[in-house]
Amino acid sequence: WFAANKGRVGVYNGHDMAQVVLRHQDSLLHFRSIEHNGSHAFALTIDRPALLYRLTFDGRQITAADLVYTEDAPGVFYDAIGFWNANEGIAVGDPIEGCLSILITRDAGASWQKLSCDELPPVVKGEALFAASNGSMALFGDQALIGTGGAAARVFKTSDKGKSWSVAQTPIMQGSPMQGIFSMASYDLDTAVVYGGDWAEQDNNQHNKALSEDGGLSWELLAPAQGPGYRSCVRFVPGTKGQTLVAAGSKGISLSYDLGQSWNQLSDAPLYTLRFLNDTIAYAGGACKFMRLRFR
């Protein structure tokens, strides 16, 4: 499944593509987040109003795009969506009134409820998220980790599917609007990585990647001043026991075989994001491109 700008949402099975173009009040929508819960896909807009669609696919074409959540408030901007299981999911967006915007579903995405700020840790003024192709949140088991940027680069954590929350500092560069955590990935409940940096100075590799081995409670820099600079996507390669990482961005694709301690440049192809189908095939998206990558 993919979602993009100009209202485009679709699904590709390796041979054929089905696509719809979604509009709201005659305006084309812009998407950065999409996820599938086993029965439907869910595509979430970034612009105001926030619109969340549930898409039905019959194996040949998208047969329905039902609007299941709307939010029209100053500052609304959603960045990522994911599911813990077929019934329970989460969407996260930029802060409003001093806390992150977090939506929860417990009925397979048929309805979504927004958490109140009383249930969440406060944010730092100027702290927000990046709409990095659905990459600023990582789910594993009942856990969710959410990475921020701007004035602070922190990780918000829930271990019980959104019922309680904590927040941890990271050493990722922070302080200006385009610095911070752009992407994160969890290998298990303990091991996670964050990646980002400075979108305005993309060769800067000083404080742009970090590792947690205690479930996101503490973070340690990976390869400071070594390896690639800014990247907008990081993923564990399946089948490598949590040792192999791929990081992709506008400066290309990089690979680490030792959990981020050293890196090799695989390609200079500019990309936004990638997802693994299995331990050898990944699909990647960039500006006006859709690629299939094979790993051996």
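**View A. Ala225 in a loop of the predicted model.** Ala225 sits in the loop that joins strand 23 (220–221) to strand 24 (233–236). The model shown here and in the other views is predicted. Phi of Ala225 is near 60 degrees, a positive value in a residue other than glycine. Most residues other than glycine have a negative phi. Ala225 has a relative accessibility of 40%, so it counts as partly exposed.

View B. Ala108 belongs to the loop between strand 12 (99–105) and strand 13 (113–114). Its phi is near 65 degrees, which is positive although the residue is not glycine.

View C. The bond that runs from Arg48 to Pro49 is cis. Its omega is near 0 degrees. Most peptide bonds are trans. Pro49 is placed in the loop between strand 7 and strand 8 (50–57).

View D. Three strands form an open sheet in the order 1-2-3, and their pairing is antiparallel. Strand 1 (2–3) and strand 3 (17–21) are the edge strands. Each has a single partner strand, so one side of each has no neighbour in the sheet. Strands of a sheet pair through backbone hydrogen bonds. Strand 2 (residues 8–12) pairs with strand 3 in the antiparallel sense, over five bridges.

View E. Glu127 lies in strand 14 (residues 127–128). Is Glu127 buried or exposed? Its relative accessibility is 4%. That is under the 20% cut-off, so Glu127 counts as buried. Two polar partners can be picked out in this view. The side chain of Arg154 makes a polar contact with the side chain of Glu127, at 2.8 Å. A polar atom of the Glu127 side chain also lies 2.8 Å from the backbone nitrogen of Val124. Leaving aside residues up to four places away in sequence, Glu127 touches Pro95, Thr148, Gly149, Ala151, Ala152, Arg154 and Phe156.

**View F. Phe42 and Phe83, a tilted ring pair.** The whole structure holds 14 aromatic pairs. In one of them, the ring centres of Phe42 and Phe83 are 5.0 Å apart. The ring planes stand at 45 degrees, so this pair is tilted. Where in the chain do Phe42 and Phe83 lie? Phe42 is in strand 7 (residues 41–45), and Phe83 is in strand 10 (residues 78–83). The two are 41 residues apart, and the pair links distant parts of the chain. Phe42 is buried, with a relative accessible area of 0%. Phe83 is buried too, at 12%.

**View G. Tyr283 and Phe290, a stacked ring pair.** The ring centres of Tyr283 and Phe290 lie 5.9 Å apart. Their planes are at 20 degrees, so the pair is stacked. The cut-off for stacking is under 30 degrees. Phe290 is partly exposed, with a relative accessible area of 41%. Which residues do ring pairs link into a cluster? Phe2, Tyr12, Tyr283 and Phe290 are the members.

Methods:
Residues numbered from 1 in each chain as written. Predicted model: local features only at pLDDT ≥ 70, side-chain atom pairs only at ≥ 80, totals over all residues. Heavy atoms only, no water. Pairing = 2+ DSSP bridges. Helix = DSSP H or I, 4+ residues; strand = E, 2+ residues; numbered from the N terminus. Buried < 20%, exposed > 50% of the residue type's maximum accessible area, 1.4 Å probe, protein only. Polar contact = N/O pair within 3.5 Å; in protein donor to acceptor, adjacent residues only side chain to side chain. Contact = heavy atoms within 4.5 Å. Phe/Tyr/Trp six-rings, centres within 6.5 Å; stacked < 30°, edge-to-face > 60°.
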